[in-house]
Amino acid sequence: MSMINYASREINCKLVYYGPGLGGKTTNLEHVYGKVSPNTRGKMISLATETERTLFFDFLPVDLGTIRGFKTRFHLYTVPGQVYYNASRKLILKGVDGIVFVADSQMERMEANVESMQNLYDNMAEYGYDLTKIPFVIQYNKRDLPNAGPVRDLQAALNPGWPVEDPALQKVTPDPANPGQTIVDRIEEQWIGRAPYVEAVAVRGDGVFETLKVVSKMVLKTLS
Amino acid sequence: MTGAASWSFSEDHYRQIQQHLTAFLRESNARCALLVDRTGQLVTTVGETPQFDPTAFASLTAADFSANDQLARMIGEPEFASLVHQGERESMLLADVAKRVILVVLFDQRATLGLVKLKAKPVVEQLARVLEDMFNRVGTGQASEQRVLEGAEDEIDRLFG
């Protein structure tokens with residue numbers, strides 16, 4: 001739920017990084033925290049266990065620039081990935097403007113990815129939000145690992161697409177993150193939409209800012 | 001609903017909120033009042049300037065309040081409309097306002113919990129009325145405010161390179 005403050009000329013938006021445990025959600029935020037100028041970011045808050053597993057959430061506010069005289073401030077949250085923290089995870093989704101799903105590319109984690117994606121759809125539905133209609137980006141993380149699965153397989157499992165019913169959206173739309181690919185296309189007489197995806201190695205910072213850029217832009221475009 | 005609707009408030013509403021909170025601080029002897037929306041975004045701060053990061057504080061406040069909401073439901077209560085955290089020197093009261101925002105009051109030994117609670121009740125009602133007016137207006141013709149960046153697509157593209 002973006003909040004527009006006409007008095008202080010600010011637009012505040014909430015982004016949530018979702019995904020299975022140990023997939024790299026916190027690492028994404030840590031990289032952003034480490035790379036952006038202290039003038040444009042706030043304090044990073046991590047509610048974590050003693051073993052540095054996220055217990056409730058991580059939080060990082062960043063300013064991404066000024067548009068139409070409004071300062072655009074994004075609040076980045078992660079959720080705890082472990083299955084049994086669902087109650088906390090659901091709370092963080094309240095009022096979300098954009099979602100990044102951080103998938104673990106390792107083949108062994110495919111089941112955990114699918115389970116987490118299903119859980120995301122379920123939790124969003126409980127708030128009455130439709131994931132196919134809000135800014136949503138999938139990040140395939142850990143692309144450097146030898147056991148990383150092919151992107152095609154990950155896409156088939158996690159981003160198979162949904163029917164696009166709205167005639168206004170039924171047009172071939174390029175994937176903002178992957179030149180030559182599409183996020184809305186006509187397949188066998190049916191219009192199918194997909195979330196854009198970004199390949200990443202979050203520990204090295206590869207793909208981290210690109211993911212943030214793609215999702216933030218989608219969020220701001222919903223206000224334009 | 002496709003996603004969370006955005007909400008905005010005008011300078012006039014902002015001023016009304018400030019006035020109510022300023023009067024409340026004077027009457028209750030509390031140090032500072034913050035208004036935080038349920039998603040963790042800071043709406044405003046009135047009174048002494050906090051010595052901490054108010055943005056981080058706001059996100060934790062919303063999480064604290066939401067977690068307690070769930071705890072309330074688990075024990076069969078519809079909600080905990082207010083919460084109190086008492087420290088040796090500094091304390092805080094959190095109160096729900098119209099299910100949309102949370103009023104956070106910071107106070108020390110100069111104020112008593114009883115007085116803060118007593119004075120918080122009417123200010124919560126005043127704030128609820130301001131918010132109600134705000135949302136009613138959005139629903140009746142000011143929806144264009146939600147498209148604050150209308151026509152700014154080029155500017156958005158430039159911002160992200």
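How many residues does the largest nonpolar core have, and which have the most contacts inside it?

**View 1. The largest nonpolar core of the predicted model.** This core, a set of buried Ala, Val, Leu, Ile, Met, Phe, Trp, Tyr and Cys residues joined through C-beta atoms within 7 Å, has 93 residues, and those with the most contacts inside it are Val16(A), Val36(B), Ile102(B), Leu103(B), Val104(B) and Val105(B). Its largest share, eight residues, comes from helix 3 (residues 113-139) of chain B, where helices (H or I, at least four residues) and strands (E, at least two) are DSSP runs numbered from the N terminus. A residue is buried if 20 or more other C-beta atoms lie within 10 Å of its own, with C-beta atoms placed from the backbone. The model is predicted, with local features needing pLDDT of at least 70 and side-chain atom pairs counting only at pLDDT 80 or more, whereas totals for chains, interfaces and linings use all residues. Residues are numbered from 1 along each chain as its sequence is written, and chains are lettered from A and ligands numbered from 1 in the order in which they are written.

**View 2. Surroundings of Ile102(B).** Leaving aside neighbours within four places in sequence, Ile102(B) is in contact (C-beta atoms within 7 Å) with residues including Val36(B), Arg38(B), Phe65(B) and Leu94(B).

**View 3. The contact of chain B with chain A.** The contact takes 37 residues from chain B and 40 residues from chain A; on the chain B side, helix 2 gives the most, with eight residues.

**View 4. Strand pairing across the chains.** Strand 1 (residues 3-5) of chain A and strand 1 of chain B pair (at least two DSSP bridges) in the parallel sense over three bridges, and Ile4(A) stands opposite Ser8(B).

Notes:
Buried ≥ 20, exposed ≤ 12 C-beta atoms within 10 Å, placed from the backbone. Contact = placed C-beta atoms within 7 Å.
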